[in-house]
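I keep this notebook for a first look at a protein chain, one entry per thing I looked up. Here is the structure, so that you can follow along.

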Amino acid sequence: EVQLVESGGGLVQAGGSLRLSCAASGFTFEDYAIGWFRQAPGKEREGVSCISSSDGMTYYGDSVKGRFTISSDNAKNTVYLQMNSLLPEDTAVYYCAARKGARESVVAGHCAFYYRMDYWGKGTLVTVSS
């Protein structure tokens, strides 16, 4: 059974930090790109960041560059999203997602689009207060 399980969401004040985790199982981790999407009320699901599990290549959405950092611990089949300098605009449900083709998914930009991802977690809520 393919599973992506997010954790680490919560309530923080603007300027604070959170670290999200995505634990993957049921597929060959290094064959996939693993990434994060977010969806705020009334808005489209947005690609936040993505990492190639095979070589560590990364993608970041423009709104989070310089503030968020994605990383992968292949021994644990886990991807992390370190979120610093959080803004109220970052408030959303954050979803972990995976796409077959680790490096290609990042190079070609596929993991910027939610409809191109293969597997999804259930999400974790991040709320940033002003």
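**Entry on Thr124.** I looked up Thr124 and found it in strand 11; helices (H or I, at least four residues) and strands (E, at least two) are DSSP runs, numbered from the N terminus. I note that this is a predicted model, where local features need pLDDT of at least 70, side-chain atom pairs count only at pLDDT 80 or more, and totals for chains, interfaces and linings use all residues. Residues are numbered from 1 along each chain as its sequence is written, and side-chain values use heavy atoms, with hydrogens and water left out.

Is Thr124 buried or exposed? I read a relative accessible area of 12%, so Thr124 is buried; buried means under 20% relative accessible area, exposed over 50%, and partly exposed in between, with a 1.4 Å probe and protein chains only. The side chain of Thr124 comes to 3.2 Å from the backbone nitrogen of Gly9. I call that a polar contact: a pair of N or O atoms within 3.5 Å, where within protein one must be able to donate a hydrogen and the other to accept it, and residues adjacent in sequence count only if both atoms are side-chain atoms. Leaving out residues up to four places away in sequence, I listed what Thr124 touches: Glu6, Ser7, Gly8, Gly9, Leu20, Ala92, Val93 and Tyr94. Contact here means heavy atoms within 4.5 Å.

I then traced an open sheet of 4 strands, in the order 1-3-8-7, with antiparallel pairing. Two strands pair if DSSP finds at least two bridges between them. Which are the edge strands? They are strand 1 (3–7) and strand 7, each pairing on one side only. On average, neighbouring strands of this sheet are turned by 15° against each other, direction ignored; axes are lines fitted to C-alpha atoms, for helices over the stretch in contact, and angles run from 0 to 180 degrees between N-to-C directions.

Strand 1 and strand 3 are antiparallel and share 5 bridges, and I found Leu4 opposite Ala24 in strand 3. Strand 3 is also joined to strand 8, by 6 bridges and again antiparallel. Going along that pairing, I saw Leu20 with Leu81 as its bridge partner in strand 8, and Ser21 with Tyr80.

**Entry on the disulfides.** How many disulfides does a search of the whole structure find? I got 2. A disulfide is a covalent bond between the sulfur atoms of two cysteines; here the cut-off is a pair of cysteine sulfur atoms within 2.5 Å.

One is formed by Cys22 and Cys96, with sulfur atoms 1.9 Å apart. Cys22 lies in strand 3 and Cys96 in strand 9, so the pair ties together parts that are 74 residues apart in sequence. Both Cys22 and Cys96 are buried. The torsion about their S-S bond is about -75°, so I wrote this disulfide down as left-handed.

Cys50 and Cys111 form a disulfide too, with sulfur atoms 2.4 Å apart. Its torsion is about -125°, so it is left-handed. I placed Cys50 in strand 5 and Cys111 in the loop between helix 1 (102–107) and strand 10 (119–120), 61 residues apart. Cys50 is buried at 0% relative accessible area, and Cys111 is buried at 1%. Counting bonded cysteines along the chain, I get the pattern 1-3, 2-4.

**Entry on the cores.** The largest nonpolar core has 27 residues, and those with the most contacts inside it are Ile34, Trp36, Phe68, Leu81, Met83 and Tyr94. Such a core is a set of buried Ala, Val, Leu, Ile, Met, Phe, Trp, Tyr and Cys residues joined through side-chain atoms within 4.5 Å. Among the strands that each supply at least two residues of this core are strand 3 (18–25), strand 4 (32–39), strand 8 (78–83) and strand 11 (124–129). Apart from it lies another core, of 7 residues, including Phe37, Cys50, Val106 and Met117.

**Entry on Ala97.** My last stop was Ala97, in strand 9. Ala97 counts as buried, at 0% relative accessibility. Beyond residues up to four places away in sequence, Ala97 touches Leu4, Ala33, Ile34, Gly35, Phe37, Met117, Tyr119 and Trp120. Ala97 and Asp118 are 21 residues apart in sequence and 7.2 Å apart in space, C-alpha to C-alpha.
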